[in-house]
Amino acid sequence: MPLLVGVLAVGLMAAAPGDTSTADGKPEKHAKKSGGTVVLDPEKYAGMEVCATCHEDKAREVAKTVHGAAKLPARIAKPLWGCEGCHGPGKAHAESGGDTSLIHRLSQATPEERTAVCLSCHGGQDERINFRRSEHQIGQVSCDSCHAPHGEGGHERLLRKEPNDLCFSCHGEKRNDFSLPFHHKVPEGLMKCVDCHNQHGGFTRQQRAFGTDAPCLRCHSDKQGPFTYEHLALRLEGCTGCHLPHGSNNPRLLTRSEQRFVCLECHSQIVSPGEEFPTVGTPTFHNLSQGRYQTCTTCHVMIHGSNISNVFFE
């Protein structure tokens, strides 16, 4: 017996699938638009009470969720309230005794089709407006990969698991990063992946939230500036030019085992032909074989930027 419930309706249905009759062997979906208005035939809808007579357990689960408690605006046609808002007209399915060819089974739909059903209600919300251009959508990850529309997961926001566990179920290599000696406190429960990444998509690489370096600066606000004397590396490469954000074997999440080696990646006096921003080498009196010159920030304390010193002295 298919699962027919899903108490939240499909919004204005502006993105609803077009009219599909049963004559072509496919279940009928919502009627197509006419002059910008969705035209529905109430005679084809059974109502969620009828759905619940067969799918009682699912109906009971959904009633406990935000979908079940949703207050639908008057602009949503009443036939779209309840299960049929997601699964399409169900009267023919019910009268046939449960013929699965007469209902829109989302479990048999493509990821794009399942996502389209969710976004017909949620697509206009600020956090999700970019989902169609997100890495997740491109990678065939649909909304129900993480969310259980009927509430089976029992977690907030209808998630199937705890947020970090959901991310790690695909991004297992990042779980390993967080097991390194120095890491952000994600395993300890003090941070979540979504504190730094927008899982629903955005305009930055790795779906970083709030811009390239903004996730870092939300906590490390003292590094934000603006500064009179900027560290050019920070402007060009950002925080990840020197730090590994998920975890590292090195203190301060540095990319190199010793601080001087991070600095020498730029300050090596090696200038490539035609380089737009030639680097500044280390002064001749900096004998890097001596310990006093091996920890650059002993002198260059304000390495992220300074309002006083152009060489970032304190």
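**Labels and their grounds**

Analyst: Leu253 has a relative accessible area of 11%. The model is a predicted one.

User: Why is Leu253 called buried?

Analyst: Buried means under 20% relative accessible area. Leu253 has 11%, so Leu253 is buried.

User: Where does Leu253 lie, and what is its phi?

Analyst: Leu253 lies in the loop between β5 (247–248) and α12 (259–264). Its phi is positive, about 55°, although Leu253 is not a glycine.

User: Is Gln207 buried or exposed, and where is it placed?

Analyst: Gln207 has 8% relative accessibility. The cut-off for buried is under 20%, so Gln207 counts as buried. Its place is the loop between β3 (182–183) and α10.

User: Which residues does Asn198 contact, leaving aside neighbours within four places in sequence?

Analyst: Asn198 is in contact with Glu127, Gln207, Arg208 and Ala209. Asn198 is found in the loop between β3 and α10.

User: Why is Asn198 called buried?

Analyst: The relative accessible area of Asn198 is 19%. Buried means under 20%, so Asn198 is buried.

User: What does the side chain of Asn198 reach at 3.0 Å, and what at 2.9 Å?

Analyst: At 3.0 Å, the Asn198 side chain reaches the backbone nitrogen of His200. At 2.9 Å, it reaches the backbone oxygen of Gly201. The cut-off for a polar contact is within 3.5 Å.

User: Why is Leu244 called partly exposed?

Analyst: Leu244 has a relative accessible area of 35%. Buried is under 20% and exposed is over 50%, with partly exposed in between. Leu244 is therefore partly exposed.

User: Where is Leu244, and what does it contact beyond four places in sequence?

Analyst: Leu244 is in the loop between α11 (232–237) and β5. Its contacts are Leu253, Leu254 and Thr255.

User: What separates the C-alpha atoms of Leu244 and Phe182?

Analyst: The C-alpha atoms are separated by 9.7 Å. Along the chain, Leu244 and Phe182 are 62 residues apart.

User: Is the peptide bond from Gly225 to Pro226 cis or trans?

Analyst: The bond from Gly225 to Pro226 is cis, with omega near 10°. Pro226 is found in the loop between α10 (214–219) and β4 (229–230). Most peptide bonds are trans.

How values were computed. Residues numbered from 1 in each chain as written. Predicted model: local features only at pLDDT ≥ 70, side-chain atom pairs only at ≥ 80, totals over all residues. Heavy atoms only, no water. Helix = DSSP H or I, 4+ residues; strand = E, 2+ residues; numbered from the N terminus. Buried < 20%, exposed > 50% of the residue type's maximum accessible area, 1.4 Å probe, protein only. Polar contact = N/O pair within 3.5 Å; in protein donor to acceptor, adjacent residues only side chain to side chain. Contact = heavy atoms within 4.5 Å.
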